[in-house]
Amino acid sequence: MRPTMLALLLTLALPAAAAPQVSNLHSGAITAAVQKGVDDPARAADSHEDARRKVALVMTFAEVKPGQKVLELVPGSGYWTRVFSAIVGPAGHVYTVWPDEMAKFSTKSLATWQELAATPHYANVSLLQQPAAKLSVPVPVDLVFTSQNYHDYHDPFMGPVDMVKFDQQVYDALKPGGLFVVIDHVAPAGSGLADTDTLHRIDPETVKREVEAAGFVFDGESNALRNPGDSHTLKVFDKSIRGHTDQFIYRFRKPVK
């Protein structure tokens, strides 16, 4: 029997449990521009987080390049903002959205971010404060990015936001061919939106359905932040799992018409 045929038969004979947990996995090499941005000396205080957050892999998966315009939703303390700023450089720009509803509960993070934005090194970063349900950006962007916050838009304190309209606003904010990258904590399969306000998790398939309904095309996923040891049943702030939750990274593309 030829080796290729034998390999095929062995593959077919494997039990379903041996199949990978996720498909379309990203395995691209880290680009020089991304590595240069990650190595920016101004990020020295963030570097201890880089291995855990897989920053270089995430930025490469998001296809961030010099000169791009990026829209970051809910930037927190600015960890991702500083990376985006370094990669897109002076010819690019990073717009960061602080929803009015979120700012009320994140005063410390907002203050930290405002301090960042006032630093000359981050002259290519600006703040957009607006209602969560009314996303807008001054110019079309190459990338819309959100980390661990997509689930929040479903919760009462944010409105909740009409996600059909919101995802359409994201779509409209992007240039043709632009990307929407979503990172969030995994909830049990089939749970839908049941855990967004309790465990702060969301079913990845629910995110995919919502975003695709706006006209996006699913463009792949990365397993860089997956953790098979996460039971998906604990609140993400639980000490036993905080900082190490199972997270999906989905990439959606706006079609070029």
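In this predicted model, Lys 254 is buried but forms no salt bridge. The nearest side chain of opposite charge belongs to Asp 172, 5.2 Å away. The side chain of Lys 254 does reach a backbone atom: the oxygen of Tyr 171, at 3.0 Å. In the chain, Lys 254 is found in the segment after β7, a strand that spans 247-253. Neighbours within four places in sequence aside, Lys 254 is in contact with Tyr 171, Asp 172, Leu 174, Lys 175, Pro 176, Gly 177, Gly 178 and Phe 216.

Lys 175, one of these contacts, does have a charged partner. Lys 175 forms a salt bridge with Asp 142, and the closest N and O atoms are 3.3 Å apart. Lys 175 lies in strand β5 and Asp 142 in strand β4 (residues 141-147), so the pair ties together parts that are 33 residues apart in sequence. Lys 175 is partly exposed, with a relative accessible area of 30%.

A further salt bridge links two loops. Arg 201 pairs with Asp 230, with the closest N and O atoms 2.9 Å apart. Arg 201 sits in the loop between β5 and α9, and Asp 230 in the loop between β6 and β7, so this pair ties together parts that are 29 residues apart in sequence. Both partners are buried: Arg 201 has a relative accessible area of 0%, and Asp 230 has one of 4%. Elsewhere, salt bridges that share partners join Glu 63, Asp 219, Arg 251 and Arg 253 into one network. The structure holds twelve salt bridges. Among them is the pair Arg 53 and Glu 49, whose side chains meet at 3.6 Å, N to O. Arg 53 is partly exposed, with a relative accessible area of 25%.

The elements that give two or more residues to the lining are α3 (50-53), β1 (69-73), α5 (79-88) and β4.

Strand β4 also holds Thr 146. At 0% relative accessibility, Thr 146 counts as buried. Apart from neighbours within four places in sequence, Thr 146 is in contact with Leu 73, Phe 180, Val 181, Val 182 and Ile 183.

Helix α9 covers residues 204-213. Its buried residues are Pro 204, Thr 206, Val 207, Lys 208, Glu 210 and Val 211. An α-helix has 3.6 residues a turn, so residues three or four places apart point the same way. The buried residues of α9 pack against α8 (163-173), β5 (174-185), β6 (217-222) and β7. Asp 203 caps the N-terminal end of the helix. One of its side-chain oxygens lies 3.1 Å from the backbone nitrogen of Glu 205. After α9 comes Gly 215, whose phi is positive, near 110°.

Val 74 has a phi of about 55°. Val 74 lies in the loop between β1 and α5 and is buried, with a relative accessible area of 8%. His 232 has a positive phi of about 70°. The place of His 232 is the loop between β6 and β7, the loop that also holds Asp 230. His 232 is buried too, at a relative accessible area of 17%.

The backbone has a further feature. A cis peptide bond joins Gly 159 and Pro 160, with omega at about -15°. Pro 160 lies in the loop between β4 and α8.

Definitions and conventions. Residues numbered from 1 in each chain as written. Predicted model: local features only at pLDDT ≥ 70, side-chain atom pairs only at ≥ 80, totals over all residues. Heavy atoms only, no water. Helix = DSSP H or I, 4+ residues; strand = E, 2+ residues; numbered from the N terminus. Buried < 20%, exposed > 50% of the residue type's maximum accessible area, 1.4 Å probe, protein only. Lys, Arg positive; Asp, Glu negative; His and termini not counted. Salt bridge = Lys/Arg side-chain N within 4 Å of Asp/Glu carboxyl O. Polar contact = N/O pair within 3.5 Å; in protein donor to acceptor, adjacent residues only side chain to side chain. Contact = heavy atoms within 4.5 Å.
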